[in-house]
Structure formats: C-alpha cells, structure tokens
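Hi,

Here is the structure I promised to pass on.

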Amino acid sequence: MLASHRWIRRRLLRSMILAVSFALIASPSVRAQDGDRTGRAPAAVAIAAELSNGGPGITKLTLTLSKPIEARAFVMERPDRAVIDLAEVNFQLGAETGRKREGVVSSFRYGLFAPGRSRIVVDLAQPATVGRIETVTRPRDGAVLLTIEFQRSDREGFKRAAVASDPAPQPRKAMAPVEPMDARPLIMVDAGHGGTDPGAIAATGVFEKDIVFGFAQALVTRLESGGRYRVRMTRDRDVFVPLSERVRIAREAKADLFVSIHADSIQSAPQVRGATIYTGSEKATDAESARLAERENRADAAAGTESNEGPGHVADILQELTLRETRTFSSGFAKGLMTQLGPVMEMSPKPHREAGFMVLRSPDVPSVLVELGYLSSKRDLDLLQSDAWRADVTGGMAKAIDAFFGSRTSLTRPNPPRRSAAIAPVSP
C-alpha cells in the first residue's frame with residue numbers, strides 16, 4: 001500500500017512539473033525574450049523520452065514536447081542505426097535518458113545537429129525499419145507526444161530500407177564576412193564531439209563533449225586576453241560538426257595552428273591517467289594509439305552521418321613537401337606542449353604519440369590533438385572539472401603557443417583553387 005501511495009505521489013508530482021514547465025514555455029514574456037535573442041520562434045522543449053513495447057516486434061520511442069514539430073526518419077548500416085531528424089529541440093532530459101534497452105533499441109542519443117536542426121540517433125540491437133510517426137496532444141496538460149515506431153526486420157529488408165533512405169543533406173556553408181587584414185596568427189581551437197555525438201561518458205554521467213567544450217572556451221579566452229592571436233572555434237556551442245568539416249573550416253580560414261581538445265576513457269582500467277599529445281601519421285606509434293584514432297574516426301557514424309575522409313592523396317610534389325613541413329611543425333609544437341604541460345598536469349607514460357586521426361589530416365595547417373586525461377579516472381575527472389587546474393593547463397598551452405610562433409618561420413602553402421572562405425556550418 002505504501003509503495004502504491006508513493007507511486008501515485010510521483011505521478012502527481014510529475015504531472016504538476018509538466019504543467020508548470022509548459023506554462024512557463026508558453027509564457028508571452030518568455031517567448032518575447034527568446035525571440036529577441038534568436039530572431040526566430042522558440043525551439044520546442046523535450047522534457048521526456050521513453051521507450052516502450054508496442055506489440056510483437058515493435059518498439060516505440062515517445063518524446064514529450066512543448067509543441068508539435070515535424071520528424072523524418074531513416075535507417076543506416078555499419079553500424080545498424082535509425083536516425084530521426086527534427087526541427088531544433090531544446091532537450092531537457094535526465095542523464096540516464098537513452099541508456100535503457102527495449103526491444104530492437106539498444107540505446108539512443110540526441111542533440112543539436114546543426115543550427116536550427118536536431119537529431120536523435122537510435123542504436124539498433126537487431127535489424128529494424130521505421131514504422132509510423134504520430135503526434136498526439138495530451139488533453140490534461142497540453143503536452144505533445146511524438147511517437148516513432150521501430151519494426152523488427154530481417155537483414156535483407158533492413159538493407160533495402162537503408163539503400164532507399166534519403167539522409168538529410170549536408171548543411172550549406174556560411175560565407176565569412178570580409179575582414180580587415182590582420183597579420184596576427186590564427187589559432188583554430190577544436191572542441192571534440194558535440195551535439196548528437198557525446199564522446200566518452202564518465203561513470204557520473206558527465207559527457208566528454210561538455211568537458212572539452214568548457215576547456216576549449218577557457219583556452220580561447222586565455223589566448224585572446226594577450227592580444228597576440230586571432231582565435232576561432234570549430235564549434236561555438238553544443239552542435240555536431242563532421243570531422244572533415246573541422247579540417248575544412250581550419251584550412252579555408254587559413255589557420256596557422258589547429259588544436260583539437262579531447263578526453264579519453266578506459267572503464268576497465270580506472271587507474272590509468274594522464275594527458276597525451278597526438279600528431280598525425282599514416283602509421284600509429286602503437287596499437288593503443290591506433291585503436292583510439294579508429295574510435296575517434298567513428299564520430300560521424302555515431303552522429304548518423306556517412307564519414308567523409310577529408311583531404312585526399314597528395315596531388316603534386318609541392319603539396320607533398322608542404323605536408324612534410326606541416327608534420328615537422330606539428331611535431332615541434334607537440335614537443336613544446338610537453339615541456340610546458342609537464343609541470344602543471346599529469347602526463348601519460350608516452351606523452352607524444354602519432355596516429356591517423358581524421359582531424360589531423362590537413363596538409364597545410366600544423367595540427368595536434370590533446371587528450372587531456374581519462375574520464376574513467378576519478379582523479380582526472382575531478383581535475384578536468386576544476387577551474388584552478390584548467391587555468392594552469394590553458395596557461396601552459398598559451399606559453400607553448402607563444403614559443404611556437406616566436407621561433408618558427410612561415411609555412412609554405414601551395415596555391416589552392418579559389419574558394420569561398422566558409423568558416424562554420426549553418427542550416428539550409
């Protein structure tokens with residue numbers, strides 16, 4: 001009886017929270033404020049996402065939303081997954097949402113895919129196709145329930161559905177505004193993962209994408225405070241950016257240095273800690289580095305897109321020489337980073353390694369990828385969330401960048417075809 005009363009109280013409390021949430025969202029003052037900031041209608045808010053059994057071979061995913069939105073879905077192979085494209089949604093969901101398995105669904109993740117567009121990527125436990133997509137308004141509180149059905153399928157049926165799918169088109173690129181000539185070096189800071197791609201997940205539920213974005217922002221602030229550099233980010237909020245797009249952004253902006261920020265995780269070895277600095281190479285330093293690069297290179301698939309390998313083979317001898325010079329600069333900067341970071345943070349036993357990371361494939365932008373530590377290590381995780389530690393490490397990085405540009409000569413660049421100077425993806 002006591003358990004029954006508790007269940008009833010929880011249901012009543014949840015209904016009250018839903019009602020208050022939607023009332024606030026619908027408030028004219030809230031709409032006016034949001035409209036002032038964005039210049040467009042406020043995004044729908046999702047406050048619940050639940051999986052349920054819809055009958056033999058059917059699994060349902062139901063979103064509780066503040067207003068109706070359109071949804072389209074398709075399936076993809078290697079790995080098997082379903083992708084749901086939506087208008088922009090403000091996901092206000094619990095940390096455990098998406099981790100529970102039900103029927104044909106093993107898990108799902110969600111986030112901003114591009115400005116104005118959100119995406120849910122559903123990992124399938126077995127082949128399944130997308131069934132009905134329904135929208136119903138719940139009378140008692142005005143909540144909008146968006147339900148997507150997944151129907152169990154055989155492998156051949158799933159393959160046919162994947163071939164027939166029409167994934168969302170690639171976002172168009174925004175034209176960069178014409179800026180006055182600025183001779184200061186341009187640093188491109190790349191916060192790993194983002195949007196529908198959370199990256200590694202700590203036991204506490206903290207996402208790698210959030211940890212590295214906060215660190216990247218702090219690094220940008222530190223570099224800009226000295227006035228010696230122009231600084232840009234490949235993503236300036238929690239949005240998915242394909243790996244090849246990150247490289248393209250840096251190259252077309254004519255960046256002088258590309259620094260990609262990540263954090264690793266080895267749940268089976270929580271005692272492993274420390275930072276590692278990677279530079280690009282076709283041949284990995286060791287098997288562990290090769291595995292990490294392979295995992296990071298699957299980020300596009302995790303977000304429900306096909307991977308684009310980015311810059312292709314070297315076209316001529318000048319580009320080949322440029323690539324060699326770029327890698328020499330990259331290795332030199334990595335060594336300088338080790339010198340500056342060693343006194344302020346724990347370094348791994350092999351602090352400088354090489355591997356075939358897609359984001360390090362630019363032939364004309366010196367590039368490094370820094371794994372700040374391990375989310376699977378409680379000590380590293382505590383430091384990664386410490387403002388004092390972040391200040392020390394960004395300070396060390398700034399010193400390494402100062403030394404790099406204080407001693408290097410200009411990188412010789414081949415003359416590329418004339419292109420638009422696009423710097424960030426935007427929605428169609």
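**What I found**

Ala-114 is buried, at a relative accessible area of 1% (buried means under 20%, exposed over 50% and partly exposed in between, with a 1.4 Å probe and protein chains only). This residue lies in strand E6 (helices, H or I with at least four residues, and strands, E with at least two, are DSSP runs numbered from the N terminus). Ala-114 is 27 residues away from Ala-87 in sequence, and the two sit 9.9 Å apart in space, C-alpha to C-alpha.

Before you go further: this is a predicted model, so local features need pLDDT of at least 70 and side-chain atom pairs count only at pLDDT 80 or more, while totals for chains, interfaces and linings use all residues. Residues are numbered from 1 along each chain as its sequence is written, and side-chain values use heavy atoms, with hydrogens and water left out.

**Overall**

The protein has 10 helices and 17 strands. Of its 428 residues, 49% are buried. Among contacts (heavy atoms within 4.5 Å) with a separation of 6 or more, 77% are between residues 24 or more positions apart.

**The largest pocket**

Rolling a probe the size of a water molecule over the atoms shows where empty space is left. The set-up is a 1 Å grid over the protein atoms alone: a cavity is a set of points where a 1.4 Å probe fits but cannot get out, a pocket is an open set with protein on both sides within 12 Å along at least five of seven lines, and lining residues have an atom within 4 Å of a point. Grid points are joined across faces, edges and corners, and a volume is the space filled by probe spheres set on the points.

The largest pocket holds about 750 Å³ of space. It is lined by 36 residues, and Arg-109, Asp-197, Pro-198, Gly-199 and Ile-201 are the closest to its centre. Two or more lining residues come from each of E6 (105–114), helix H4 (208–226), strand E13 (257–264), helix H6 (287–296) and helix H7 (299–302). E6 gives the most, with 4 residues. By class the lining is 14 nonpolar, 10 polar and 12 charged (Ala, Val, Leu, Ile, Met, Phe, Trp, Tyr, Cys and Pro count as nonpolar, Asp, Glu, Lys and Arg as charged, and the others, Gly among them, as polar).

His-193 counts as buried because its relative accessibility is 8%. Its side chain makes a polar contact with the side chain of Asp-197 at 2.8 Å (a pair of N or O atoms within 3.5 Å; within protein, one must be able to donate a hydrogen and the other to accept it, and residues adjacent in sequence count only if both atoms are side-chain atoms). Leaving aside neighbours within four places in sequence, the contacts of His-193 include Pro-198, Gly-199, Arg-235, His-262 and Glu-296.

**Cavities**

How many cavities of 30 Å³ or more are there? The count is 2. The largest has about 80 Å³ of space and 13 lining residues, with Leu-243, His-262, Glu-296, Ala-299 and Val-359 nearest its centre. That lining splits into 6 nonpolar, 4 polar and 3 charged residues.

The second largest cavity has about 50 Å³. Its lining includes Arg-273, Met-345, Asp-380 and Trp-389. Strand E16 (367–374) and helix H9 (378–384) are the elements that give two or more residues to this lining, and the largest share, 3 residues, comes from H9.

**Strand E14**

All 6 of the 6 residues in E14 (275–280) are buried, so the strand is largely enclosed by the rest of the structure. In a regular strand the side chains alternate between the two faces of the sheet. In E14 both faces are covered, with Ala-275, Ile-277 and Thr-279 buried on one side and Thr-276, Tyr-278 and Gly-280 buried on the other.

E14 pairs with strand E15 (residues 347–355) in the parallel sense over 5 bridges (two strands pair if DSSP finds at least two bridges between them). Gly-280 has Ala-355 as its bridge partner in E15. With E16, E14 pairs in the antiparallel sense over 3 bridges, and there Ile-277 is partnered by Val-370.
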